[in-house]
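The sequence and the structure come next.

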Amino acid sequence: MVKHDIQQFEVKTEPHYRVVGSEVALYEAAYARRVPVMLKGPTGCGKSRFVEYMAWKLGRPLITVACNEDMTASDLVGRFLLDRDGTRWQDGPLATAARIGAICYLDEVVEARQDTTVVIHPLTDHRRMLPLDKKGEVIEAHPDFQLVISYNPGYQSLMKDLKQSTKQRFAALDFDYPEAKLEAEILAHETGVATETANKLVQVAHRTRNLKGHGLDEGISTRLLVYAGHMIAQGVAPEAACQMTLVTPLTDDPDMRQTLQAAVETFF
Ligand code: ADP
C-alpha cells in the first residue's frame with residue numbers, strides 16, 4: 001500500500017485570479033465529467049494561476065509538473081529506489097495524482113519527448129488507468145482525478161508539437177493576456193503599484209506584443225509586468241525597473257533592445 005501525504009498538495013488559500021470570460025464555468029463543467037483539459041496560450045498569461053484557482057475552488061489537491069525534454073516516463077510514473085532496506089517503489093507525480101484524486105497539471109507538455117507523453121494516454125480515455133509496467137501494477141484512477149496540460153502554440157514547430165493522438169484527448173481553452181483594463185487591475189492588485197503606473201506598464205507591453213514574429217518570439221507577458229510592478233513598488237525608478245524586467249530578459253539583440261527601451265521611454 002503506497003501512502004501519500006495529501007495535505008502537501010492542497011491549495012490552502014484562495015489564489016488571486018481575475019476571471020476573464022467563461023473559463024471558470026467551462027472548466028467546472030469539464031471537471032464535473034472528468035474531461036481532460038488543455039490550456040493554450042503564451043507564457044505568463046495566467047494559465048497556471050487559473051489551475052491553482054480552480055483546484056482551490058473545487059477543493060482538489062493540485063500536483064504540478066514542469067515538463068522538459070530530459071523528462072522520462074519514469075519521472076512521471078515512478079521508479080524503484082535503492083535504500084538501506086533494499087528496493088522500494090516511489091510513485092511519480094502522475095501516479096500520485098491518480099491515486100489520491102488530485103488535479104495533475106503538466107505544464108508545457110510539448111517540451112516532453114513523445115515517448116514520455118504517451119504514458120498519459122490510458123489516463124485520458126475511458127480506461128482512466130495508469131500501468132506501472134516496472135512494478136507490475138495498474139492504478140485505476142481515483143474518481144476525482146483529472147489531467148490538465150498547458151500548451152504554448154507560439155513554440156509550435158515540426159520538431160516539437162503534440163501528436164494528434166495526444167491533442168485529441170483534451171478539451172481546450174484558449175488563454176491570452178487579459179485585456180488592458182483588467183491586466184492593469186491585476187498588476188495593481190498583485191504588486192501595489194498605482195493604477196496610473198499599471199496602465200503605463202500595460203501600454204509598454206502592448207507595443208512589444210505587436211512585435212511578436214517581427215524580431216521577438218513573444219511579447220512582454222503579464223508575468224514580466226508583475227515583476228516590473230514589484231520593482232517599482234519596491235522604490236526602483238520605473239525606467240531601471242522596466243529595463244531589468246521588460247527589456248533585458250526578453251532579447252539579446254541590440255536593435256531590439258533599443259526598440260524596447262524606446263517603448264519604455266514613451267510612457268515613463
Ligand atoms: P502561465 O502559466 O500562463 O505561464 P502564470 O499563471 O504563471 O502564467 O501567470 C503569470 C502571472 O500573471 C501570475 O503569477 C499572476 O500574477 C498574473 N496573472 C495573469 N493572469 C491573471 C489573472 N487572470 N488573474 C490574476 N493574476 C493573473
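Is Thr64 buried, exposed or partly exposed, counted by C-beta neighbours inside 10 Å? Thr64 counts as partly exposed because it has 19 C-beta neighbours inside 10 Å; a residue is buried if 20 or more other C-beta atoms lie within 10 Å of its own, exposed if 12 or fewer, and partly exposed in between, with C-beta atoms placed from the backbone.

This is a predicted model, in which local features need pLDDT of at least 70, side-chain atom pairs count only at pLDDT 80 or more, and totals for chains, interfaces and linings use all residues. Residues are numbered from 1 along each chain as its sequence is written.

**Overall**

The chain has 11 helices and 9 strands; these are DSSP runs numbered from the N terminus, helices being H or I of at least four residues and strands E of at least two. Its C-alpha atoms fill a box of roughly 65 × 40 × 35 Å along the principal axes. Of the 268 residues, 38% are buried. Among contacts between residues at least 6 apart in sequence, 70% join residues at least 24 apart, a contact being two C-beta atoms, placed from the backbone, within 7 Å.

**The sheet and its helices**

An open sheet is formed by 5 strands in the order 2-5-8-1-9, with parallel pairing; two strands pair if DSSP finds at least two bridges between them. Strand 2 (62-66) and strand 9 (171-174) are the edge strands, each pairing on one side only. From one strand to the next the twist averages 20 degrees. Strand 5 (residues 103-107) pairs with strand 8 (residues 146-151) over 4 bridges in the parallel sense, and Leu106 has Ile149 as its bridge partner in strand 8.

Helix 1 (residues 23-32) lies across strand 1 (37-40), strand 8 and strand 9, at about 170 degrees to strand 9. Helix 2 (residues 47-58) lies across strand 1, strand 2, strand 5 and strand 8, at about 175 degrees to strand 5. Such angles run from 0 to 180 degrees between N-to-C directions, with axes fitted to C-alpha atoms, for helices over the stretch in contact.

**Single residues**

Thr64 is in strand 2. Leaving aside residues up to four places away in sequence, Thr64 touches Tyr105 and Asp107. Thr64 and Phe80 are 16 residues apart in sequence, and their C-alpha atoms are 22 Å apart.

**The ligand shell**

Of the 18 residues around the ligand, Gly46, Lys47, Ser48, Arg49 and Arg223 come nearest; a residue is near a molecule if its C-beta atom, placed from the backbone, lies within 6 Å of it. Helix 2, helix 7 (180-191) and helix 9 (222-233) each give two or more residues to this shell. By class the shell has 6 nonpolar, 7 polar and 5 charged residues, where Ala, Val, Leu, Ile, Met, Phe, Trp, Tyr, Cys and Pro count as nonpolar, Asp, Glu, Lys and Arg as charged, and the others, Gly among them, as polar.

**The annotated region**

The unreviewed UniProt entry annotates residues 183-266 as "domain: CbbQ/NirQ/NorQ C-terminal"; such annotations may be inferred rather than shown by experiment. Over residues 183-266 the chain is 70% helix and 0% strand, and the end C-alpha atoms are 19 Å apart.
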